[in-house]
Amino acid sequence: MKFATIGRIAGVLALTMGLAACVDMTEELAVTSDTTAKATMTMQMGADVYTMVKSADASNDKAEDKFCGKQGETLTENADGSATCVAISEGTFDQLKFDEGDSKPTFTQVSPGVVRVAFPTKDMAGGLGKDSDPQTAAMMKQMFDGHYVTLRVTGRQITDSNMTINGDRTAAEIKIAFLDLINGTAKLPDELYAVVQTR
């Protein structure tokens, strides 16, 4: 999860009391071979939130400091005023770029044609609001109420996972409420994983 980005957005929004917000995030890892994958991070932001973030970004001179301004990120401004940011990183496992710090996924080749993808969860729960002042923390709870982080692993076939595997076994995912991450109450195992058959 891009906690740094979300924390910055929450800090901006804390200046505007009573703002109804809408932020959802999905991270999808598509395992494409024994050594390669495609990571797609999608953040959907409601119109009110995006207006505030866009205003704050106007004072940033560096593109990489702006919301959805880094290399590989594509911003779509929707007709209703909302915005969608999609960040794509593709290549060998060690080439993939993530902003998750200690929560970034790991890839382990179990055997030829089988790869295990795991997300350490230690720094997820409570990581979103741990450094916030009371006003910002309260605002974060309001803005993220009813919204989720979705982690999804896809591939030729998912053979094992502690996430929910779909009907044709090509994906495993979990939806985690933002409020549970903020409050540190998300009931998560030490890691979320999926074992992917690549051929």
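Is Arg199 buried or exposed, and what is its relative accessible area? Arg199 is exposed, at 56% relative accessible area. The legends below describe a predicted model.

**Figure 1. Overview of the predicted protein.** The fold has 11 strands and 4 helices. Of its 199 residues, 45% are buried. Among contacts with a separation of 6 or more, 66% join residues 24 or more positions apart. The accessible surface is about 9,900 Å². Carbon and sulfur atoms hold 48% of that surface. The salt bridges number 5.

**Figure 2. Salt bridge between Arg199 and Asp34.** The N to O distance is 2.5 Å. Arg199 sits in the segment after β11 (191–197), and Asp34 in the loop between β1 and β2 (36–45), so the pair ties together parts 165 residues apart in sequence. Asp34 is buried, at 11% relative accessibility, whereas Arg199 is exposed.

**Figure 3. Salt bridge between Glu28 and Arg152.** Here the N to O distance is 3.0 Å. Glu28 belongs to strand β1 (residues 23–31) and Arg152 to strand β7 (residues 148–154), so this pair ties together parts 124 residues apart in sequence. Glu28 is partly exposed, with 25% relative accessible area. Shared partners join Glu28, Arg152 and Glu173 into one salt-bridge network.

**Figure 4. Salt bridge between Lys54 and Glu77.** The side chains meet at 3.0 Å, N to O. Lys54 lies in helix α2 (residues 47–57) and Glu77 in strand β3 (residues 73–77), 23 residues apart. Lys54 is partly exposed, at 45% relative accessibility. Glu77 is partly exposed too, at 44%.

Technical notes: Residues are numbered from 1 along each chain as its sequence is written. This is a predicted model: local features need pLDDT of at least 70, side-chain atom pairs count only at pLDDT 80 or more; totals for chains, interfaces and linings use all residues. Side-chain values use heavy atoms; hydrogens and water are left out. Helices (H or I, at least four residues) and strands (E, at least two) are DSSP runs, numbered from the N terminus. Buried means under 20% relative accessible area, exposed over 50%, partly exposed in between (1.4 Å probe, protein chains only). Contact means heavy atoms within 4.5 Å. Accessible areas come from the Shrake-Rupley method with a 1.4 Å probe; for residues, only the protein chains shown count as cover. A salt bridge is a side-chain nitrogen of Lys or Arg within 4 Å of a carboxyl oxygen of Asp or Glu.
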